[in-house]
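Visitor: Can we walk through this one together? I'd like to start with a charged pair and move on from there.

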Amino acid sequence: MEAVFGHLRSAIERGQYAVGDKLPSEAELCRTLEVSRPVLREALRALQAMGLTVSKTGKGTFVVANTVEDPTFGDYAASDLLEVRRHVEIPVAGYAALRRTPEDLDHLAHLLDRMERETDTTAWVALDTVFHLAVAEASGNPVFRRVIEEIRDALARQSTLLNELGGRREQSNCEHRAIVEALIDGSESDAVEAMSHHLHRVEATLTDIVRPQRADTSREGRAEA
């Protein structure tokens, strides 16, 4: 899927498919790229999430931009989502460290174990959103959980993109474990630091996906030299 996404994104950025153009049909792309339809559809969803294309039912997929500005996950732009997460989930982690119950800790530990064993991206992403809801639940403030519920679909879409194109799963598992360990210790400062680090890595990976051209260009220059 990553290879198909990269190929199509490169073709759009080079102008092979200009803004306003319709991409070839799924059947044609599958034949040309020699991939299955599920793999192609995942790549097309990623292009749409990045804001490069739109899919029109019964008409096909159309190019709407040749550069990525701000990916959209469901109803929310990535920049808006990250801004809200920094202002909500970081203090939530601190409150959770002070207010968590034994039941909260058991639930989070169980989720961690399942996530570390899970190999299917879709299943892992579902657990990921439940994990962040569980941290909000542990804060003892139902408003925080309601906020995370509101952005749950966007979180899942973002997580899917980061895992499929950024290989984030193992890193996320380690970061989640650091958060839970801080909650177990009841350390507000450690919980805040762990959640801050997690969100920083999410943002950094998303930036690498959105703007990889500089790295690609430098590699090409070295190869030519």
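Guide: Start with E137. E137 counts as partly exposed, at 42% relative accessibility. Buried means under 20% relative accessible area, exposed over 50%, and partly exposed in between, with a 1.4 Å probe and protein chains only. Keep in mind that this is a predicted model: local features need pLDDT of at least 70, side-chain atom pairs count only at pLDDT 80 or more, and totals for chains, interfaces and linings use all residues. Residues are numbered from 1 along each chain as its sequence is written, and side-chain values use heavy atoms, with hydrogens and water left out.

Visitor: Which side chain does E137 meet in a salt bridge?

Guide: R145, at 3.4 Å, N to O. A salt bridge here is a side-chain nitrogen of Lys or Arg within 4 Å of a carboxyl oxygen of Asp or Glu. R145 is partly exposed, with a relative accessible area of 29%.

Visitor: Which residues are linked with that pair in a network of salt bridges?

Guide: E149 and R152 are linked with E137 and R145 in the network.

Visitor: How many salt bridges does a search of the whole structure find?

Guide: Twelve. One of them joins R86 and E203, with the closest N and O atoms 3.0 Å apart. R86 sits in helix 4 (residues 78–99) and E203 in helix 10 (residues 188–210), so that pair links distant parts of the chain, 117 residues apart. Helices are DSSP runs of H or I with at least four residues, strands are runs of E with at least two, and both are numbered from the N terminus.

Visitor: What about E116, which residue does its side chain meet?

Guide: R177, in a salt bridge of 2.8 Å, N to O. E116 is in helix 5 (residues 102–117) and R177 in helix 9 (residues 169–185), so the pair ties together parts 61 residues apart in sequence. E116 has a relative accessible area of 37% and is partly exposed. R177 is partly exposed at 28%.

Visitor: Stay on helix 9. What span should its residues have?

Guide: 24 Å for its 17 residues, at 1.5 Å a residue. The end C-alpha atoms are 24 Å apart, which agrees. The expected span is 1.5 Å times one less than the number of residues.

Visitor: Which residues of helix 9 are buried?

Guide: R169, S172, N173, E175, H176, I179, V180, A182 and L183. Their cover includes helix 4, helix 5, helix 6 (121–138), helix 8 and helix 10.

Visitor: N173 is in that list. What is N173 in contact with?

Guide: L112, M115, E116 and W124, leaving aside neighbours within four places in sequence. Contact means heavy atoms within 4.5 Å. N173 counts as buried at 9% relative accessibility.

Visitor: And what comes just after helix 9?

Guide: G186, with a positive phi of about 70°. Just after helix 8, G167 takes a positive phi of about 55°.

Visitor: Which residue has a positive phi although it is not a glycine?

Guide: E34, at about 60°. Most residues other than glycine have a negative phi. E34 is in the loop between helix 2 (26–33) and helix 3 (37–49). E34 is exposed, with a relative accessible area of 73%.

Visitor: New topic, the core. How many residues has the largest nonpolar core?

Guide: 64. Those with the most contacts inside it are F5, L47, M50, F73, F131 and L206. A nonpolar core is a set of buried Ala, Val, Leu, Ile, Met, Phe, Trp, Tyr and Cys residues joined through side-chain atoms within 4.5 Å.

Visitor: What does F131 touch?

Guide: L108, L111, L112, M115, H176, I179 and V180, not counting residues up to four places away in sequence.

Visitor: Last one, helix 8. How many residues has it?

Guide: 15, at positions 152–166. Helix 8 reaches 20 Å from its first C-alpha to its last, close to the 21 Å expected. Its buried residues include A154, L155, Q158 and L161.
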